[in-house]
Amino acid sequence: MKYQIFSENEWVFPDSEITQEGKAELYCARGADVCFQVLTDKQLQGGEELKVALDDLGCVAEVYQLLPACVNENSDAKLGTTLDYESVKDFVIRQAPYDIYDITYLPEGGKLKAGRAAFYVRLNVASDAPVGTFNGYLTLTVGDEAFKLPVSLKTYNTQIPALADTKLRMVNWIYYDRIAKDHKVELQSKEYFEVLEQYMDNEMDMRTDVLMIPSGVPVRDEQGVVVDFDFTHAEQVGNLALKKGFRTIMGGFIARWKKWDEDEIYLLWDRDVGVTSIEGYRQQKLYFQRSQECVERNNWGPYYMQCMVDEPQIPNSLAYRAMGAICRKMMPGVVINDPTESQYLAGSLDIWVVKQAFYEKYLEEHQQLQALGEEMWFYTCGWPAGKTMNRVMDLPLSASRLPLWMGVKYNFKGFLHWGYHVHTEQYEKVTILPSDGCGHMPAGNGFVVYPGNGKPEYSVRGHLQRTGAYDFELLTMLKKKNPDAALAMIEKVCRTFDDYTTSSALIDETRKELLELLG
């Protein structure tokens, strides 16, 4: 059986040719992991058993089977997707449609699925692992055929902090009704919470330490008037999250604009009720009162933030400010955290989560706010498309990892992505998502995990988000010791969110240099 080893920062395809065998030469801090990919020429019928044996390299191997997903259309140059390859060929990796290895499946009972045999190998290095260079073999036995992969692992003394001490705050939204739908369980049932725990475990493994919990549910009288709010589901999820080890929980959104360029924002459960109206004020007071009671009842105070609106825009900045005043009146001392597309919200929120492209568009204003002590996180989403760094399937894998390097450059304290597990029903066949007024969102933008058997399965891009989070910690350490050296290292691979390397070799080389500097 022939094989080839590929970097974790390089896409592999079902039709990729094997040109050389090579060796996995890996570098890792303690308390982290490092990955590589293996493509073989063996065709599986399905049901073959996978056995894994690793020489003593001071780590533990976790081996996933790589499975293909389809990129149906290419990312457009600005918004949405396109089949006009000529207009985007300068930045996409291949002409759509095509299959790409993005699903990493942990074989159940060691049994593999049909298709070309390809693997994603994760080497987990414990926080107290021995330091040094270790050489040996990873032996993969597939059915009745075995092959030995030469592996060299250098483990450094530098240690990645545990999730409880991470410098990077991270949020990946969970859509609770979608978990129930994807796994065919009833919302808030015993089976539902069992599946939800698996998603929470995956998020924490991905270095996510902040969880947005469900919003309160409106209670209406016989005339349909909102008279109360029910926080039962929010309490259940919030308490489970804190028990599992999340550092922070955030109350869900309560309002959004209808059109981005109008000055009003409307309640999510009563879309004709504006937040600046008297009725809007009444309902917000009641909502935030019940939210505060929930926080106090569960002793969530030190662990709680409140979200209000997804992406307030410049034209509705005043409406957002009014909401902030109402929230602070009813929830004294609460930390307000929202994704924003307005630089005119000072004083109405505590943590600005700014879209990557919007931050750079208004760079001077945002940096002035940071100089005033405003805390900023950042996010990526469906827009803009094009070359802008985003976790999509037709950009180089560097666009999934390097946003977190840019986070260190711009002094961001956290990262958010809305699309953790939002799929079509044919999740591996249709990876573009419908979007109101804009055709489709780019392939993979809505998810970095796939629905497995009662649990999520990592995508390759999801693994890169985790390893990018390790990079954030390492670069933050270097920045504390030598800010100029940290900036120079970042700018080796990325200058802006649109100007970054597509070379996996350069990323690997720069990561090694970073680890060598830290020791």
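Lys244 is partly exposed, with a relative accessible area of 24%, where partly exposed covers the range between buried (under 20%) and exposed (over 50%), using a 1.4 Å probe and protein chains only. Keep in mind that this is a predicted model, in which local features need pLDDT of at least 70, side-chain atom pairs count only at pLDDT 80 or more, and totals for chains, interfaces and linings use all residues. Residues are numbered from 1 along each chain as its sequence is written, and side-chain values use heavy atoms, with hydrogens and water left out. Helices (H or I, at least four residues) and strands (E, at least two) are DSSP runs, numbered from the N terminus.

**Salt bridges**

- Side chains of opposite charge can pair when their charged atoms come close. A salt bridge here is a side-chain nitrogen of Lys or Arg within 4 Å of a carboxyl oxygen of Asp or Glu, and by this rule the count comes to 30.
- Which residues do salt bridges with shared partners join into one network? They are Glu8, Arg401, Asp471 and Arg511.
- Within that group, Arg401 forms a salt bridge with Glu8, and their closest N and O atoms are 3.3 Å apart. Arg401 belongs to helix α8 (residues 398-401) and Glu8 to the loop between β1 (3-7) and β2, so the pair connects parts that are 393 residues apart in sequence.
- Both Arg401 and Glu8 are buried.
- Arg122 and Asp33 also meet in a salt bridge, at 3.4 Å from N to O. This pair links distant parts of the chain, with Arg122 in strand β9 (residues 115-125) and Asp33 in strand β3 (residues 32-44), 89 residues apart.
- Arg122 is buried, as is Asp33.

**A four-stranded sheet**

- Four strands form an open sheet with mixed pairing, in the order β2-β11-β10-β4. Two strands pair if DSSP finds at least two bridges between them.
- The edges are held by β2 (24-30) and β4 (50-54); each has a single partner strand, so one side of each is left without a neighbour in the sheet.
- Direction ignored, neighbouring strands of this sheet are turned by 30° against each other on average.
- Five bridges pair β4 with strand β10 (residues 132-142) in the antiparallel sense. Leu50 stands opposite Val142 in β10.

**Helices α10 and α11**

- Helix α10 (residues 460-481) packs with helix α11 (residues 483-493) at an angle of about 140°, and their axes are 5 Å apart. The axes are lines fitted to C-alpha atoms over the stretch in contact, and angles run from 0 to 180 degrees between N-to-C directions.
- On the α10 side, the contact (heavy atoms within 4.5 Å) is made by Leu475, Leu478, Lys479 and Lys481; on the α11 side, by Pro483, Ala485, Ala486, Met489 and Ile490.
- These contact residues divide into seven nonpolar, no polar and two charged.

**Around Thr81**

- Thr81 is found in strand β7 (residues 81-82) and, at 16% relative accessibility, counts as buried.
- Not counting residues up to four places away in sequence, Thr81 touches Glu73, Asn74, Ser75, Asp76, Ile432, His440, Met441 and Pro442.
- Thr81 and Ala443 are 362 residues apart in sequence and 8.2 Å apart in space, C-alpha to C-alpha.

Conventions
Ala, Val, Leu, Ile, Met, Phe, Trp, Tyr, Cys and Pro count as nonpolar, Asp, Glu, Lys and Arg as charged, and the others, Gly among them, as polar.
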